[in-house]
Amino acid sequence: MTATLTAAQIEQFHRDGFLFPVEAMGHEEIRHYRRELETIEQRYSEENHEHAIGRYLLGGSANVVLPLAAQLCSHRGILDAVESLLGPDLLAWGISFFIKEPGDGKIVTWHQDLTYWGLGETSDQVTAWLALSPATPVSGCMRFVAGSHKNAVVPHRDTYSENNLLSRGQEIAVEVKEEHATNIELAPGQLSLHHGLMFHSSGPNQSSDRRIGVAIRYVNPSVRQEVGARDYALLVRGADRVRNFIHFAAPARDFDPADLLLHEEILEDKAAVNFRDVS
Ligand SMILES: O=C(O)CCC(=O)C(=O)O
């Protein structure tokens, strides 16, 4: 299966700031990834293990410590789609598993991803959000406002609310036209692509299944960290002749001690950027 985008899809992405659904992989393969993820969640659950898994899955750098996360970042079906937008040289800058349990009330408020990343307002990045379970309005799929990526970064305020999956519970502080939002419905194995300036949010999971999505943040080598002292990425296709990012290798096993040290270093550096304006 190849997910290379057509010229019309690329044009649509540039016009709307998002594109969906893109078929990234088949039923068997996505079922396999969900099983793998759920095995890892069980093995490293809070009760079972010193490395409680939730922090790693949502933290943004699971590809440093979990082979599964690095494999997803390097998946051919995903990369073919991303290459159509960013070119042949691709770095996975981050990965977050956004998981909502049935009835847990977790939401994501309206925000623009690039607000806190320190990467400027570049268009040389894209998020591929892969569904591991059905993403529907009932399960709390993402919602996008077409064309909103043409804004600069707008003001955000922090809520730190318990039920918000975002690190600062951040939300856009200007009016968002909810009625103009599109529900990004995806079947398992499909993905959406969105620009980092896209206004997006998602509601609670009122279905009986878990809502599991993995957001992989891709950049090409021209992007650079403008705020922090350094930044890190996994080279997943082509070459990086610019070297704005420190490369790390895909992990060989779960939670290798050396990878764990690097993971903590990366999280610290990313937090210095993400929370730079918080006293
Ligand atoms: O999974 C969600 O509901 C939100 C994900 C998100 O905000 C993102 O991928 O940027």
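Reply: Arg-43 is partly exposed, at a relative accessible area of 45%; buried denotes under 20%, exposed over 50%, and partly exposed the range in between, for a 1.4 Å probe and protein chains only. The model is a predicted one, in which local features need pLDDT of at least 70 and side-chain atom pairs count only at pLDDT 80 or more, while totals for chains, interfaces and linings use all residues. Residues are numbered from 1 along each chain as its sequence is written, and side-chain values use heavy atoms, with hydrogens and water left out.

Arg-43 forms a salt bridge with Asp-254, with 3.8 Å between the closest N and O atoms; the term requires a side-chain nitrogen of Lys or Arg within 4 Å of a carboxyl oxygen of Asp or Glu. Because Arg-43 belongs to helix α2 (residues 27-43) and Asp-254 to the loop between β13 (246-247) and α6 (257-274), the pair ties together parts that are 211 residues apart in sequence. Helices (H or I, at least four residues) and strands (E, at least two) are DSSP runs, numbered from the N terminus.

Arg-15 pairs with Asp-16 in a salt bridge, the closest N and O atoms being 2.9 Å apart. Asp-16 is buried, with a relative accessible area of 13%.

A further salt bridge joins the side chains of Glu-175 and Lys-177 at 3.5 Å, N to O. Here Glu-175 is exposed at 63% relative accessibility, whereas Lys-177 is partly exposed at 37%.

Salt bridges also link Arg-34, Glu-38, Glu-41, Glu-101, Asp-209 and Arg-210 in a network. The structure holds 20 salt bridges.
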